[in-house]
Amino acid sequence: MSMRPRNREICADCSAPEPRWASINRGVLICDECCSIHRGLGRHSSQVRHLTHTAWPPSQLQMVQTLYSNGANSIWEHSLLDPSSIMSGKRKANPQDRVHPNKTEFIKAKYQMLAFVHRMPCREDDSVTAKDLSKQLHSSVRTGNLETCLRLLSLGAQANFFHPEKGNTPLHVAAKAGQVLQAELLTVYGADPGAPDSSGSTPIDYARQAGHQELADRLVEIQYELTDRLAFYLCGRRPDHKNGQHFIIPQIADSSLDLSELAKAAKKKLQSLSNHQFEELAMDVYDEVDRRETDAVWLATQNHSTLVTETTVVPFLPVNPEYSSTRNQGRQKLARFNAHEFATLVIDILTDAKRRQQGSSPDNVKDNVELILKDIGSRHGSESQELDQPDYDSVASDEDTEREPASGKDERTKSSESSDLSDGPITVQEFMEVKTALNASEAKIQQLLKVNCHLSEELRIMQSKLNSLQNENTSLKWQGTNSLAHPQDPQRRLPPRGGRAMSMYETGSGLKHYHPRSDSTHPDPGGLTLQPLPPNGSRVDGQSSMPESDYDNTPNHAELEDSGSVNAPRTAGWLGEGAIPESGDPDECEPDPTLPSTEDVISKTEQITKNIQELLRAAQENKHESFVPCSERIHLAVTEMATLFPKRPSSEMVRGSLRLLTSSASRLQGECHRATPADSCPADAQLVTQQLIQCAYDIAKAAKQLVTVTTKESN
């Protein structure tokens, strides 16, 4: 089921007419531009879905429509409704505002920081407040007042709260009362349809006992939502739960790779995971499926001639600050799996989920235990190094992509060693080694939890210091620029952006501590910085086969140690990918006589843009034979534009933009050669299109920066 928006509906974030997307967990409708920002926040902040190009469960769509019609947006913009907010400078975004930074800053403040939500009065014990809110939620779900429950959830009420006196959860109450929409809202916020009450009955049992059979059937579908979504992604079918079919395990036509030793070792590693670890991996794969499906809908609904703008596809899963750095890095690496590799991983997860749900043991428990024993020695050698490793970047880096073939070779070697299992019996000594290792791991986990508590407190202190330093930095910049404007040098101009006041919606300082970047001295004030897709993400050849991806999300330590030294020049060369860096040096503001005229640069930029539009039209129409000629024309136009500038420009901004321009053009040309029908797989057409769009976007962004610099210098 889908919904066609009516003319009277407007975007909840910028008031643009006819929104085509919905944020399910926020209960609002949003336009395309705001949707691009929501997708960059991640599903933990906003779960977006297209209104007409995506299949909706009827009750879930009705829940979103009801929340939107009853003013759910006022929950997220409560303080903006106060007239005094206009006097303080607070306002929501307009359709005419730029995506970056205006709309981005507002949407991040609204949904990530919850800056405009009504705050409860401060109390000494936050847990008491959350318990009171959860009890109110427990009482409210028996009615049809959805917006009241959403307001309680936004303030911190727990959807899985177990009422000590009543002996059940809010979902039990909603199921017994037949409140279908309340059940949909609770499950969106994590309520478990299989959670037992004090007597062992689930919400599904409550619904059936009360005669609400349709609600009971819907709760069963929600209970199997993860595996149903994975199966539907591969084969376009869902299990028939009403007839007792709860799992569909698709089969790959060419399953020869499944017989390899590496594939067997990967499956054994998957089976050896604890239930908690397996659930985390399954949820990460679910998020990746959602990202790929939403990207496909995004590409199908956008005007490809205008895709080279500030909005584009999401190349990998955004960082979730609630997860560890290791897990975030593993989630991002899922985007590197080609279609066959990812389908194999999804099938293995579906198979093991069915096995675990039915309570059966793995096919070969003995091999799994031996596999754990083989890994014990390598774990002991690497435990001391893990604590010294730096946090991962918030986004995957180019250096990491270039080292992928080498690290893949190391992983193949390690997997070969671990798959070389003996056929001897398991001795008591080996069993005791496993038990000792598990006890040591448990002790280490407890120690890490304590360390994490201390680090959280230190991060809070550092955040407050960072805010004060930013305020001091802003005032110092103003003082420095004013002191430079003395009467002896009246022609000297102030730095154009050195004294920019901090926006009230600036969320970068509030989140940067989750992913520090020691290699970048000029952070992008706009918030989200798009990085190029991994170039090997869509390759289907001998180097990108199934054995290279054995689902191991553990970071390669040698890869991390080299990232700060071997590829340092490469990192410095990509400083031009973000916004134009700020500089406090007054010499940067003097006109550079060596730069070309603005008219010449604009002329070349128009030529590049025209060629990019031709390439995107060819990609939209699946004319792969036109990729190479279009990329050659783009590369020629880029080369002509680069020759307008001196070989060694004095401005760091110009150097960074030229590096981004030329390298992106070369990367685009290479991707077009690899995207020919003879070398590409039809299943990877979507990934190929994403690669081309990202390269074209980088070229257009670099050209725009050069136009901006030359225009500023000429003025």
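This is a predicted model: local features need pLDDT of at least 70, side-chain atom pairs count only at pLDDT 80 or more; totals for chains, interfaces and linings use all residues.
Two strands count as paired if DSSP finds at least two bridges between them, and strands themselves are DSSP runs (E, at least two residues), with helices being runs of H or I of at least four, both numbered from the N terminus. Residues are numbered from 1 along each chain as its sequence is written, and side-chain values use heavy atoms, leaving out hydrogens and water.

**The sheet**
- An open sheet is built from 3 strands in the order β2-β1-β3, with antiparallel pairing.
- Its edge strands, β2 (28–30) and β3 (48–50), each pair on one side only.
- Strand β1 (residues 21–23) is joined to β2 by 3 bridges, and S23 stands opposite V28 in β2.

**Helix α14**
- R292 sits in helix α14 (residues 275–301).
- R292 counts as buried because its relative accessibility is 5%, where buried means under 20%, exposed over 50%, and partly exposed in between (1.4 Å probe, protein chains only).

**Helix α20**
- F431 belongs to helix α20 (residues 428–484) and is exposed, at 52% relative accessible area.
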